[in-house]
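Please find below a short note for a colleague who is meeting this structure for the first time. The points move from the core to one helix and then to the charged pairs.

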Amino acid sequence: MELRHLTVESADQRVAGYLLELCPSGNSPVSLLLPAKKAMIAARLGLTPETFSRVLKRLREEHLIAVEKLKIYIHRPSELRQWANSKSSTR
């Protein structure tokens, strides 16, 4: 992950961006298996595991994703992208 991501982007943007990087192109629903444990992904994103979990919870509450252990279902990638972009001014 680039330093810019760690210093400029909010936690919401980092998590959403990471999930979108794992998605194939298009807007079809996607089922992803996270490539590492959530704590390791959080560390890679410069977040605590608790912050990573809170962002996943917000994404679930917005009905953008569903989480089942290490499996993430992204219902509509374009809506997740829009959500992340809307978080650009929030930290």
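1. Which residues of the largest nonpolar core touch the most other members? In this predicted model, where local features need pLDDT of at least 70, side-chain atom pairs count only at pLDDT 80 or more, and totals for chains, interfaces and linings use all residues, the answer is Val15, Leu19, Phe52, Leu56, Leu59, Ile74 and Leu80, out of 25 residues in that core. Residues are numbered from 1 along each chain as its sequence is written, and side-chain values use heavy atoms, with hydrogens and water left out.

2. A nonpolar core here is a set of buried Ala, Val, Leu, Ile, Met, Phe, Trp, Tyr and Cys residues joined through side-chain atoms within 4.5 Å. At least two residues of this core come from each of H2, E1, helix H3 (38–44), H4, E3 and H5, and H2 gives the largest share, 6 residues. These labels follow DSSP runs numbered from the N terminus, helices (H or I) having at least four residues and strands (E) at least two.

3. Ile74 deserves a separate look: leaving aside residues up to four places away in sequence, Ile74 touches Leu19, Cys23, Pro29, Val30, Leu32, Leu64, Ile65 and Leu80, where contact means heavy atoms within 4.5 Å.

4. In helix H5 (residues 77–86), the buried residues are Pro77, Leu80, Trp83 and Ala84. Seen down the axis of H5, they fall within an arc of 115°, so they line one face of the helix; the arc is that of the directions from the helix axis to the C-beta atoms. Gln82 and Asn85, on the other side of H5, are exposed. Buried means under 20% relative accessible area, exposed over 50%, and partly exposed in between (1.4 Å probe, protein chains only). The cover over the buried residues of H5 includes helix H2 (11–22), strand E1 (30–33), helix H4 (49–61) and strand E3 (71–74).

5. The structure holds 3 salt bridges, each a side-chain nitrogen of Lys or Arg within 4 Å of a carboxyl oxygen of Asp or Glu. One of them joins Asp12 and Arg58 (2.6 Å, N to O); Asp12 lies in helix H2 and Arg58 in helix H4, so the pair ties together parts that are 46 residues apart in sequence. Asp12 counts as buried at 10% relative accessibility, whereas Arg58, at 33%, counts as partly exposed.

6. Glu61 also pairs with Lys57 in a salt bridge, with the closest N and O atoms 3.7 Å apart, and both residues lie in helix H4, 4 residues apart, about one turn of the helix.
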